[in-house]
Amino acid sequence: MGSSLSLAVRKKKEKKTLVVLPEITEEMLIDILIRLPAKSLMRFKCVSKIWLSLITSRYFANRFLIKPSSSRCFFAYLVDCENQRKYLLLKSSSSSHDHSDTSVSVIGQHSTMPVMGGYFVNSVRGLLCYRTRRRVKVCNPNTRQVVEFPLMRSTNVWNCFEHDPVHDKYKVLSLVWEVNKEERVVRSEHQVLVLGEGATWRNTQSHNDTPHGPFYPHSQGMTINGVLYYIAWTDEDRGVLMSFDLSSEEFNLIELLPYENLSCTSLINYQGKVATCEDTLLSSDGIVDVCVLEDADKSQWSNKKTFVLPVSQMNFVHGDRLVMGGTRDSGKVLLTKENLKPNAPALFFIYDLERNEITRRIEIRPSLRDSFKETNKFL
């Protein structure tokens, strides 16, 4: 290789030659660019108008978001309960060369944007959604762009931010409800906002906006295959599972199993299906019970599956109050301690129920969280 290179240099000195590189097709260029980090792509938009048009296209964005990755970054959103304008968006410093099953990610400060703050709703495909009073905002942490949407009618509201895979659109679902003196829901209203120019709140396209009487959400949302699921309470003070099709915007009520302890139940993705995960005995015995929804139309559930988690391997001890939540990855749950100690790191664990093992350990340094009253969400 060295001799060939020197020969080429001598030829260049003798006579100038024009080297024509083989043409790179647009699809090949996309295959190359999607392997780069988002920050590099933001810089490469300045290369040419063609690159700008390509990188900012919907097709490229979708290819970039679904690309396989050997590493995955995690974010934490910290907000002060007494002053919601005080917040931090933290990012894990994971290594793409670390292929161990229990890789460690240390959370460090990522960015602080003055227009952010407030209650974090959820994240979808790299976009963050949060709410300040009656205003919903969506932020792209890579471009630092923030989009604000029209005011909602009430502060007694539940939101969920998701992607409609059929129409390739982002939607924000808003549920507003009222309760009487007995704390029973007497009215509920559902609206949706589609991201785009001139976005406004409108009623959902469901033929029956409240098909089973008024209800209000009890859990965070979990979206699987274009359907949003969440646990809700009806006007009869009965716990049910609601589904919302992001494409047709139709609601459906699914009966829960009668022995579910809803105060200790979250929704998870288990083998590509929505499942309830009850953690009543998690803190004391490391036990969680999972029931998978087999048929939504018939409200048919699988038999209970019991898992015993190795909490001792997660640096948890007897007396620690553990908090668990679902993730978008099949069979994986997130665990942490509710009673965090001062001057100690906040530890989070990703546990794979299907493989029965810890897949990742995340640590937030004490120096980053000690000035905050509460960690609002872990993305």
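Helices (H or I, at least four residues) and strands (E, at least two) are DSSP runs, numbered from the N terminus. This is a predicted model, where local features need pLDDT of at least 70, side-chain atom pairs count only at pLDDT 80 or more, and totals for chains, interfaces and linings use all residues. Residues are numbered from 1 along each chain as its sequence is written, and side-chain values use heavy atoms, with hydrogens and water left out.

**Whole chain.** Start with the protein chain in cartoon view. It has 7 helices and 26 strands. Of its 379 residues, 44% count as buried (under 20% relative accessible area; exposed is over 50%, partly exposed in between; 1.4 Å probe, protein chains only). Now consider contacts (heavy atoms within 4.5 Å). Among those between residues at least 6 apart in sequence, 45% join residues at least 24 apart.

**Largest nonpolar core.** Select Leu309 and Leu353. Of the 22 residues in the largest nonpolar core, these two touch the most other members. Such a core is a set of buried Ala, Val, Leu, Ile, Met, Phe, Trp, Tyr and Cys residues joined through side-chain atoms within 4.5 Å. Next, colour the strands that give two or more residues to this core: S17 (265–270), S18 (273–278), S19 (287–295), S22 (322–326), S23 (332–337) and S24 (346–352). Zoom in on Leu309. Leaving aside residues up to four places away in sequence, Leu309 touches Leu282, Gly286, Val288, Leu335, Tyr351 and Leu353.

**Helix pair.** Go to helix H2 (residues 26–33) and helix H5 (residues 58–65). They pack at an angle of about 45 degrees, with their axes 10 Å apart. Axes are lines fitted to C-alpha atoms, for helices over the stretch in contact, and angles run from 0 to 180 degrees between N-to-C directions. H2 and H5 are therefore oblique to each other (under 35 degrees is roughly parallel, over 145 roughly antiparallel, 65 to 115 roughly perpendicular, the rest oblique). Show side chains: Glu27, Ile30, Asp31 and Leu33 of H2 meet Tyr59, Phe60 and Arg63 of H5.

**Two loop residues.** Select Asp168, in the loop between strand S8 (157–164) and strand S9 (169–179). Its phi is near 55 degrees, a positive value in a residue other than glycine. At 18% relative accessibility, Asp168 counts as buried. Finish at Ser299, in the loop between S19 and strand S20 (300–301). Phi of Ser299 is near 50 degrees, also positive in a non-glycine residue. Most residues other than glycine have a negative phi.
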